[in-house]
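Subject: Structure handover

Hello,

My notes on what I found in it follow below.

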Number of protein chains: 2
Amino acid sequence: MQINACIITIGDELLIGQTIDTNSAWLGTELNSRGVWVRKRVAVGDVRKEIEDTLTAELLSNDIVIITGGLGPTADDITKPLLCDFFGGTLINNDKVEAHVRAFFEKRKRPMLDVNIAQAMVPDVCEVLWNQYGTAPGMLFCKNGKLIFALPGVPLEMKEIMSSSGFAEIEKYFTMPNVRHATICTAGKGESFIAVMLRDFEKSLPKEIKLAYLPGLGQVKLRLTAMDVTQEMLTKYATELQHLVAPICFATSDISLQQAIFNYLKDNQLTIAFAESCTGGYLSHLFTDISGASKVLISNFVTYTNEAKQNILGVSKVILDEHTEVSEEASLSMATQAKNISGSSLALSTTGYLESNENTDSFVWIAITDGIKSTTIKQLLPYARVKNKELAASFALTLLWHFLKK
Amino acid sequence: MQINACIITIGDELLIGQTIDTNSAWLGTELNSRGVWVRKRVAVGDVRKEIEDTLTAELLSNDIVIITGGLGPTADDITKPLLCDFFGGTLINNDKVEAHVRAFFEKRKRPMLDVNIAQAMVPDVCEVLWNQYGTAPGMLFCKNGKLIFALPGVPLEMKEIMSSSGFAEIEKYFTMPNVRHATICTAGKGESFIAVMLRDFEKSLPKEIKLAYLPGLGQVKLRLTAMDVTQEMLTKYATELQHLVAPICFATSDISLQQAIFNYLKDNQLTIAFAESCTGGYLSHLFTDISGASKVLISNFVTYTNEAKQNILGVSKVILDEHTEVSEEASLSMATQAKNISGSSLALSTTGYLESNENTDSFVWIAITDGIKSTTIKQLLPYARVKNKELAASFALTLLWHFLKK
C-alpha cells in the first residue's frame, strides 16, 4: 500500500517570495528515499482559516501531513493555538521545553522575553519532538490512523527534528515498503548526453527499479530507486550503471565531488593548497565545510588583484605583462608558487573573467601541479557572474579529480 | 479590492525534491511588488485529476491562477490537453509557433522530433504568450473575470514570458492598487529582540502599511509594504523605523551586509585583506560575488593549519604556543600581518572552532585593524559546522560594519 504525504508550509514570507522553500525539497527527497510518496505541497499565508481548510482537505487524501513554519515567537504566529483547537487539546506548559528555552538564552547571554517562554506552551494532545537547535518544539499529532507533524520553519531545526526523531516515528507507525537506493555520481558531462548513453540501460530496467537524473552545476547524480527488490538485484544494476559511466564517475555513494577528493587526498596522505583568483575563496569554502579539512587543506592564496599575484604569490611581472593575468602561463605560475610557499603535495589555481564584455567572453584558466607533472585547462563560462563562479569551481574540482586518478 | 493569486507548479520532480522551486518565489516577489497578493502555492505531480481538482478549487477563491510546468515535449505531460478540455476548446496548430519551433532547432543544428512539432498545437480558446527562449508557448485563458496562465517550468523561459507580456496582461485586465515598499536592513540582533523594540511602532502603523520581519543568519531585514498610500506617508514611517533601529541599521535599501560594506569601502577608496582560518574562504567568497570586487578586496590568506599561519602570515610561534591558534592574540596578529603583507587599508581575521567537543565549545575570535586602531571580539557558535561557519562570517561582517562606522 502506498503511503501518501502532503507538505504544508506556512508563512507570508514564502508567498511573497522573501524565502525560497528549501524545506519542501529536502522533505521530498528524504520521504521519497524511505518509500513515502509526496503527493502535494501547499504553501499558505499566516491566515488561520486558510491553514485550517488546507489541513482538513489534505487529511482526506494523505496518511502523513507535515506542517512547517508558523511556530516562531512573533505575534503573527497562529499555528499552535489552531492545532490545539483542531485536535481538541489545551495548551499547557511543558517543563522540559521551558528548561531548554531558558538554557538556550542563558548560553547565548541574550535576554529572554515573555514570547520566548510562551514557546514552552504545547497542546496536551501532542507528542513533543525535541528541537536541539531552537526554542520552538516540534509537535506530533496522531488522528484516525494518520500522523500530523508541526515543525519550525528554520531549515536547520526542521531537519534536525525529522532526522533525530520524525522519520523514526513514521517508520514505527506505518508498514514501510522496502526501498533501496544506489547512487552513482558523475562530473563533466550534461544530463542529456548521459541520457543518450544510458538509453538501452534504462529500457532494460525492471519496473521495480527507477532511474532518476539529479543534475547539478557540471555534475549529474544518477539514482536508482528499487521498491521491494533484493539488494543483490539492485547491486547488479548499479554495477552495470557504474560500468557504463566509468570515465565520468567519481563516487558510488551520494557524496559531493569535493568530499570524494578530500577522501582520496586524506587516504593517500596528500595535502593541497589553492591559489584562487576568479573563484575568490569559493573552493576553499567548499573544502572547509568538510569536517577535518585541516588534515588536507594547508592554505589558500586568494590573490584578487595583479599586485597580490606578484607580491604574495610571486608571479613574475613578465608573465603578467606578456600573457595577462588570465592566461595559461599565469595560472600555472600561481599553482606552482602556491605549492612552493605552502609546502603542499599539490596545488590548484584559478584565474578568469566571470563577466563578459565587448572585449572578451567570460572564461577561466585552471592549473594543477604536483611539482613533477602539471595540467591546465581553459573553460568557457556562459552564465552570469555568481553562477559562473560556481561553474568555474566545478570545472576545477573535475580537473583535480582526473589529475588524481591518472 | 484585493487581487488574489494562486501559483500551481506541476511536476513529480518538485515533489520528490529533485528540483527546488525557485519559480514560485520569483513570481511571489514580482506579483507582490505589483500589488497582487499570492494567497497560496500548490505543487502537484503529473496526475491529471490532481491538476484538475486543484485548478477548480483555486479558481473559486483567486482572481489569477498561474500554472508552471507540465508543458514540455516529453510523453508524461498532460497539462495542455487538460486545459483544452477544462476551458472547452480544441487543440489547433499555431503557424507562428510552429515556425518558431522549426527555427529554434535549425539554429541549434539539433534534430527535430514529432514531439517538438506538437508543441505548436495550442487550445483555440487561449491567447499565445510568446516564448523567446524555448519551444513551449505560454498560454493565457480568461474565464468569468479571472486570468489563468499556463507557462513552461524552465525558470528562464517562465520569467521572460511574464516579464515581456504576462504582467502587462494582468495590469491591463485588473485595476491595480498602488503598492510601495521600504526596506531597512539590520545586523547583530535577533528577530524577537527587534520585535519588542518595535512593538509600539507596529501598533502605530495605519492598516494600509504592514511590517514584515525577514530574518537571516545574524541579520534581520524589516520591510514596510504600503497599499494606496502616498510616498510621503511611507517615507515618514520608514524614517521613523530607521531611527528606532539606528544602532543596528546598515542599509535603507534591500542589499546584503557585504554589499553595504563594499559600497562604503569603495566610496571611501579603502581596500581590505582577509586572513581567514575557520571561515575558510567564505568571507572572500561573499565579497567576490559582488561585481567589481577587485576594486576593494586585495587578497585573502586562508591559513588553515598552524604551519600556514606561521609560514605564510608570519604569526609568531610564541603567540601560537602561549595562547593557541584560537585566541585574541592570534586573531590580532593574523589581521595585522595580513594588512602588512597585502598593503591594504585594513584587514580582518577569523580563527575558531566550528565544532564543539568534550574539551571546548565552538567559538570564533575575530580581529580587525587599520594599523592605528584595532578591535577584537569572541563569539559563541551554537550550531553545527556549516551553519557555524556562516554565522562566524555574519559576526565578522557585523563587527566590520561597526568598525567602519565608528
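**Overall picture**

Chain A has 16 helices and 17 strands; helices (H or I, at least four residues) and strands (E, at least two) are DSSP runs, numbered from the N terminus. This is a predicted model, in which local features need pLDDT of at least 70 and side-chain atom pairs count only at pLDDT 80 or more, while totals for chains, interfaces and linings use all residues. Residues are numbered from 1 along each chain as its sequence is written, chains are lettered from A and ligands numbered from 1 in the order in which they are written, and side-chain values use heavy atoms, with hydrogens and water left out.

The C-alpha trace of chain A spans about 80 × 60 × 45 Å along its principal axes. Of the 406 residues in chain A, 55% are buried. Buried means under 20% relative accessible area, exposed over 50%, and partly exposed in between (1.4 Å probe, protein chains only). Take the contacts in chain A with a separation of 6 or more: residues 24 or more positions apart account for 66% of them. Contact means heavy atoms within 4.5 Å.

Strand β2 of chain A (residues 36-44) pairs with β2(B) in the antiparallel sense, over five bridges. Two strands pair if DSSP finds at least two bridges between them. In this pairing A:Lys40 stands opposite B:Val44. β2(B) also pairs with strand β1 of chain B (residues 3-10), here in the parallel sense and over eight bridges. B:Cys6 has B:Lys40 in β2(B) as its bridge partner. Why is β2(B) described as largely enclosed by the rest of the structure? Because eight of its nine residues are buried.

**The largest nonpolar core**

A nonpolar core is a set of buried Ala, Val, Leu, Ile, Met, Phe, Trp, Tyr and Cys residues joined through side-chain atoms within 4.5 Å. The largest one has 41 residues. Within this core, A:Leu55 and B:Leu83 touch the most other members. Leaving aside neighbours within four places in sequence, B:Leu83 is in contact with B:Leu55, B:Ile67, B:Met139, B:Phe141 and B:Ala150.

Chain B has an open sheet of four strands, in the order β10-β11-β9-β12, with antiparallel pairing. The twist averages 30° from one strand to the next; axes are lines fitted to C-alpha atoms, for helices over the stretch in contact, and angles run from 0 to 180 degrees between N-to-C directions. Nine bridges join β9 (residues 179-187) to the antiparallel β11 (residues 219-227) in chain B. B:Arg180 stands opposite B:Ala226 in β11(B).

Helix α10 of chain B (residues 231-244) has 14 residues, which should span 20 Å at 1.5 Å a residue; its end C-alpha atoms are 20 Å apart, which agrees. The expected span is 1.5 Å times one less than the number of residues in the helix. B:Leu234, B:Tyr237, B:Ala238 and B:Leu241 are the buried residues of α10(B). They cover an arc of only 100° around the axis, so they are on the same side of α10(B). The arc is that of the directions from the helix axis to the C-beta atoms. B:Glu232 and B:His243 are exposed on the other side of α10(B). The buried residues of α10(B) pack against β9, α9 (199-204), β10 and β11 of chain B.

**Helix α5 in chain A**

Helix α5 of chain A (residues 95-108) also has its buried residues listed: A:Val97, A:Glu98, A:His100, A:Val101, A:Phe104, A:Phe105 and A:Arg108. Seen down the axis, they fall within an arc of 160°, so they line one face of α5(A). The face turned away from the buried side carries the exposed residues A:Asp95, A:Lys96 and A:Glu106. The buried residues of α5(A) pack against β4 (91-93), α6 (114-117) and β6 (127-129) of chain A.

**A loop residue in chain B**

B:Ala293 is in the loop between α12 (282-288) and β14 (297-303) of chain B. Its relative accessibility is 2%, so B:Ala293 counts as buried. Leaving aside neighbours within four places in sequence, B:Ala293 is in contact with A:Tyr304, A:Arg385, B:Phe262, B:Phe287 and B:Thr288. The C-alpha atoms of B:Ala293 and B:Phe262 are separated by 7.8 Å, with the two residues 31 apart along the chain.

Best wishes
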